[in-house]
Amino acid sequence: MYTPLPPPTTLRAAVELIWRDPTWWRKCLLHGALAITIIGLPLAVGFIMESYDNTRRGYPLPLPPWRDWTLRALTGIFALLIDLAFFLLPLMIGGLILGCSGLFLALAAQTALLAPVINTILALMGLVWLCFFMIGVAPIGRLLFAEEGQIERALSFETIRRALSAPYRIFFWRARLASLAAYLPAALLALMTGLLITFNAPLVVIGLAGWLVCSAGVFAQLVGAQLYVAAERQAQMTQRA
């Protein structure tokens, strides 16, 4: 029987909390297998979203059981839409600026400046992507979606405003740094998979390694869900105080 628990505020506490569910490794392997098929990716992401929701309500344990896969897949599609939206946003803005700049330089017969301008705009797009990644825009968008179930709010400027406004930005920044450390096993497994591909390992071995990468990624996102919910709660307490 599980009682309400506050979300863990440190990486170690979040990892230990996940480990308290005796079926954590089976659930991570299952959803890692779904994620590697691409078609099953919404189900894996929906599993993470259920963990966000349960943790916000005070019940991070047990990890979400397998149930109502249709609703889970739909939730996962919306969550992936949040990730995609904030990935495409810099691309759309950069493409618009690139097109206008290229047209202006062509009309002004300044084609010599075209290459430096393109390189500068591409560098700025990369910088915006890096900033979005470092401030954790996608996880914060998922958190807003789990909070009210309103996908339009998670896709709006509210997500960026929440990420940058005080006191949220401080706690979200700490959660981001801690959650990145949770991806270290997945990164090491991905490196190993890359080496297996380089040395032409059997396809079955590469597939198993990819499965482990996805499973480690699922585990890291479960840890991140705990940390971001804790960060949101700490920010709200600070704001009220």
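## Burial and overall make-up

A residue is called buried when its relative accessible area is under 20%, exposed when that area is over 50%, and partly exposed in between, using a 1.4 Å probe and protein chains only. By that rule, buried residues make up 41% of the 241 residues in this protein. The model is a predicted one, where local features need pLDDT of at least 70 and side-chain atom pairs count only at pLDDT 80 or more, while totals for chains, interfaces and linings use all residues. Residues are numbered from 1 along each chain as its sequence is written, and side-chain values use heavy atoms, with hydrogens and water left out.

Let us look at the fold. The protein has 11 helices and zero strands; helices (H or I, at least four residues) and strands (E, at least two) are DSSP runs, numbered from the N terminus. Contact means heavy atoms within 4.5 Å. Among contacts between residues at least 6 apart in sequence, 75% join residues at least 24 apart. The accessible surface comes to about 13,100 Å², with 74% of it belonging to carbon and sulfur atoms; this area comes from the Shrake-Rupley method with a 1.4 Å probe.

## The largest pocket

A pocket here is an open set of points on a 1 Å grid over the protein atoms alone, where a 1.4 Å probe fits, with protein on both sides within 12 Å along at least five of seven lines; lining residues have an atom within 4 Å of a point. The largest pocket has a volume of about 420 Å³, a volume being the space filled by probe spheres set on the points. Its lining has 21 residues, and Asp83, Phe133, Ala138, Pro139 and Arg176 lie nearest the centre.

Which helices each supply at least two residues of this lining? They are H4 (69-107), H5 (114-135), H6 (137-148), H9 (168-182) and H11 (203-240). H11 gives the largest share, five residues. By class, the lining has 14 nonpolar, four polar and three charged residues. Ala, Val, Leu, Ile, Met, Phe, Trp, Tyr, Cys and Pro count as nonpolar, Asp, Glu, Lys and Arg as charged, and the others, Gly among them, as polar.

## The second largest pocket

About 300 Å³ of space lies in the second largest pocket. Of its 13 lining residues, Met49, Glu50, Asp53, Leu71 and Thr75 lie nearest the centre. Helix H3 (41-56), H4 and H6 give two or more residues each to this lining, and the largest share, four residues, comes from H3. The lining has four nonpolar, three polar and six charged residues.

Leaving aside neighbours within four places in sequence, Glu50 is in contact with Pro64, Arg67 and Arg72.

## Aromatic pairs

The structure holds five aromatic pairs. Rings of Phe, Tyr and Trp (its six-membered ring) pair if their centres lie within 6.5 Å; planes under 30 degrees apart count as stacked, over 60 as edge-to-face and the rest as tilted. One of the pairs is Trp24 with Phe219, tilted at 50 degrees between the planes and 5.4 Å centre to centre. Trp24 lies in helix H2 (residues 24-36) and Phe219 in helix H11, so the pair ties together parts that are 195 residues apart in sequence. Trp24 is partly exposed at 24%, whereas Phe219 is buried at 13%.

Phe78 and Phe145 are edge-to-face, because their planes stand at 80 degrees, with ring centres 6.0 Å apart. Phe78 lies in H4 and Phe145 in H6, so this pair links parts 67 residues apart in sequence.
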